[in-house]
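Take a moment to look over the sequence and the fold before reading on.

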Amino acid sequence: MRVLVSGASVAGPTVAFWLARYGFEVTVVERAPGPRKSGGHAVDLFKPAMDIVEKMGILDPIEAHRAGTEVLSIHREGKPDLIDLPEVLIFSAVSQRHVEIMRDDLSEILYGASSSTAEYIFGDSIASLTEDDAGVHVTFDSGPERTFDLVVGADGLHSNVRTLVFGPESAHSHWLGEYLAVASIPNYLGLSDRALMYPQVDRMAGIYSATQLPDARAFFLFRTPEPLEYHHRDVQRQKTLLREAYADVGWEVPRMLAEVDTTDTFYMDSITQLRMTTWSKGRITLVGDAGYCPGPAVGGSTSLAVVGAYVLAGEIAAAAGDHIRAYPAYEAALGDYVGRSRQLALTASSTLVPTSSLGLWILVHGARILGHLPPPLARAASRCVAARRVNIHDLFTPRDYQDLIRS
């Protein structure tokens with residue numbers, strides 16, 4: 001059976017890898033001209049995703065590309081000293097197994113694992129999808145028309161496949177009131193294993209680097225009373241809005257914004273959840289952020305994308321390619337995990353970007369207390385947090401589809 005996957009970031013290469021292992025003929029189409037090499041921003045893989053990449057045989061390169069951040073340092077307005085918090089204390093509350101890695105490093109590793117068994121087409125995109133008994137007839141922006149048995153949209157929050165099949169994004173997206181911006185800038189502070197953060201009410205700014213990076217990443221999380229007006233590909237407009245949001249902020253922010261003005265590597269998007277009653281229609285389905293983004297930067301969306309891709313491929317194989325059985329099984333298997341991820345995103349959103357002076361005080365002084373506890377007590381405190389179901393990732397165990405592998 002022939003399967004077309006749209007998107008070559010995280011979910012796309014993962015579903016392509018597993019479908020090929022199960023004996024399917026897979027084609028991946030990606031709008032970008034080639035595999036991403038810019039480094040991206042830091043993302044997290046939690047236990048179920050870590051278990052999956054280990055099954056894929058790529059755990060070693062992923063471990064080797066760890067971002068290497070060990071300490072989160074909070075700078076407070078008007079205070080010369082930093083509040084240091086070991087990163088392991090934060091993530092041990094979320095998952096027993098964790099790796100932080102630059103997104104494009106992860107994407108490149110996943111591409112490398114799948115490129116020998118799947119056809120990749122870069123620099124093209126799906127223009128139309130027409131389904132009949134023979135399959136899904138696909139036209140492309142530049143390539144010839146082709147027919148596939150199944151189509152998987154793995155093309156992110158602003159999914160082209162979702163728009164073609166389910167209609168406008170606005171019908172499914174729920175803005176959480178915040179925006180995320182990330183930019184590659186010079187590592188002028190000489191950071192290596194430390195991330196610096198400057199929280200305020202309704203705003204967070206920070207800067208970090210990674211072991212493999214020659215530069216640094218400036219990041220901004222901020223809340224606005226109303227959605228901002230811009231196109232997700234209008235970079236200059238996004239930079240203007242970012243400058244306006246942080247125009248009165250001190251610390252390192254003026255230098256960071258000056259560097260943002262000149263960088264070519266910039267990303268900005270809303271913190272948005274996708275809430276769809278189904279991710280599938282006919283022979284076409286969605287995976288990862290395209291179908292159920294819990295909220296970039298706050299909901300573990302990268303881990304969820306890896307897990308979702310694995311489950312989708314496994315259920316397609318278990319149903320011998322019968323989408324009528326496979327897609328409902330995929331949605332049923334993943335539904336609770338997606339719901340918990342959405343709830344976690346709502347909690348993380350209000351915590352990372354405090355909505356009041358009290359919230360800011362709790363964030364700062366909670367970090368101070370945790371950072372000063374002896375390690376055994378700090379780990380115990382983290383376990384107490386985990387007991388409140390923050391560790392949603394470790395509560396999900398996907399089915400083992402290993403008996404379906406053909407190659």
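Which residues of α5 are buried? They are Arg103, Asp104, Asp105, Leu106, Ser107, Ile109, Leu110, Ala113 and Ser114, where buried means under 20% relative accessible area, exposed over 50% and partly exposed in between, with a 1.4 Å probe and protein chains only. This is a predicted model, in which local features need pLDDT of at least 70, side-chain atom pairs count only at pLDDT 80 or more, and totals for chains, interfaces and linings use all residues. Residues are numbered from 1 along each chain as its sequence is written, and side-chain values use heavy atoms, with hydrogens and water left out.

Helix α5 covers residues 103-114, and helices (H or I, at least four residues) and strands (E, at least two) are DSSP runs numbered from the N terminus. The expected span of a helix is 1.5 Å times one less than its number of residues, so the twelve residues of α5 should span 16 Å, and the 17 Å between its end C-alpha atoms agrees with this. Nine of these twelve residues are buried, which leaves the helix mostly covered. The buried residues pack against several elements, including α1 (11-21), β3 (42-46), β6 (98-102) and α10 (301-318), contact being heavy atoms within 4.5 Å.

Two loop residues deserve a separate look. Aspartate 202, in the loop between β13 (194-200) and β14 (203-208), has a phi near 70°, a positive value in a residue other than glycine, and is partly exposed at a relative accessible area of 27%. Tryptophan 251 lies in the loop between α7 (235-245) and α8 (253-262); its phi is positive, about 60°, although it is not a glycine, and at 24% relative accessibility tryptophan 251 counts as partly exposed.
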